Amino acid sequence: MRTTLADYRGKLVAWTGWETSQRHNRTWICIAKAYVIPWDRNAAIQKIVKEKGGIHLHHFWLTGDKKTNTPQPIRLYNKVGGVGVVRTYMRKDGSIDYTLKMPSNMWSIEDFIDLYNDEYKQTTPKQKIQRLAEGLKNIKKHETDNNHILYGLTRSVKSLKKELEEEKKFIENSVEATDKALKTVKMNGKCKNLNLIQFPKRKSTKSKSF
């Protein structure tokens, strides 16, 4: 029995290792040459698994939460990482062993950023503000609800919060300036013939994204 995981029972941990096999319709995944360390609910996984203080394991089984026990993507022979809670399970012979379970209410920072960037050109500024507000709401829930988990492989939760707040403020200021300009135009009456107006040349600015 891998008693080295016993000290982490019930704790949220970060882990990394190599995916080597699957069982039970890919709901159980074997992670070999693994490293497990307590997670502070903030640090990027790729960063914290390089720190000392964790434990090295020959292998462990990564399982899904019973509520969402769906087949996992196949990443055989790839190095993977994430977060999980250390739990016990009973083998067929009745003995007890330890596993890492992925909580059902878990969200990935990278998935959110990919979705935001994929939708960027198709959404209006006000829709972008709404998406960013939803992201900040998820972060707030992560900060106040232990059952709600947000993690990043390459970014910390705090760095994402700062980025979203800055991006949201930038777009809000842009929308406010545009609305103010449109209001001024309406107050000044009808627009003049554009053919009579010579606009100064400006450098084009790219849309801001992640």
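## Lysine over a tyrosine ring

In this predicted model, Lys128 sits over the face of Tyr120, 4.4 Å from the ring centre. Tyr120 is buried, as is Tyr116.

## Aromatic pairs around helix α2

The aromatic pairs number 5. In one of them, Phe112 and Tyr116 have ring centres 6.5 Å apart and planes at 20°; planes under 30 degrees apart count as stacked, so this pair is stacked. Phe112 and Tyr116 both belong to helix α2 (residues 109–119), and because they are 4 residues apart, about one helical turn separates them.

Tyr116 has a relative accessibility of 4%; the limit for buried is under 20%, so Tyr116 counts as buried. Tyr116 also pairs with Tyr120: the ring centres are 5.8 Å apart and the planes stand at 65°, so this pair is edge-to-face.

## A further aromatic cluster

Trp28, Trp61 and Tyr89 together make up one aromatic cluster.

## Strand β3 and its partners

Strand β3 (residues 55–64) is mostly covered, with 7 of its 10 residues buried. It pairs with strand β2 (residues 28–38) through 8 bridges, and the two run antiparallel. Within this pairing, Ile31 has Phe60 of β3 as its bridge partner.

Strand β3 also pairs with strand β5 (residues 96–102), here in the parallel sense and over 3 bridges. Leu62 has Leu100 in β5 as its bridge partner.

Notes. Residues are numbered from 1 along each chain as its sequence is written. This is a predicted model: local features need pLDDT of at least 70, side-chain atom pairs count only at pLDDT 80 or more; totals for chains, interfaces and linings use all residues. Side-chain values use heavy atoms; hydrogens and water are left out. Rings of Phe, Tyr and Trp (its six-membered ring) pair if their centres lie within 6.5 Å; planes under 30 degrees apart count as stacked, over 60 as edge-to-face and the rest as tilted. Buried means under 20% relative accessible area, exposed over 50%, partly exposed in between (1.4 Å probe, protein chains only). A charge sits over a ring if NZ of Lys or CZ of Arg is within 6 Å of the ring centre and within 35 degrees of the ring normal. Two strands pair if DSSP finds at least two bridges between them.
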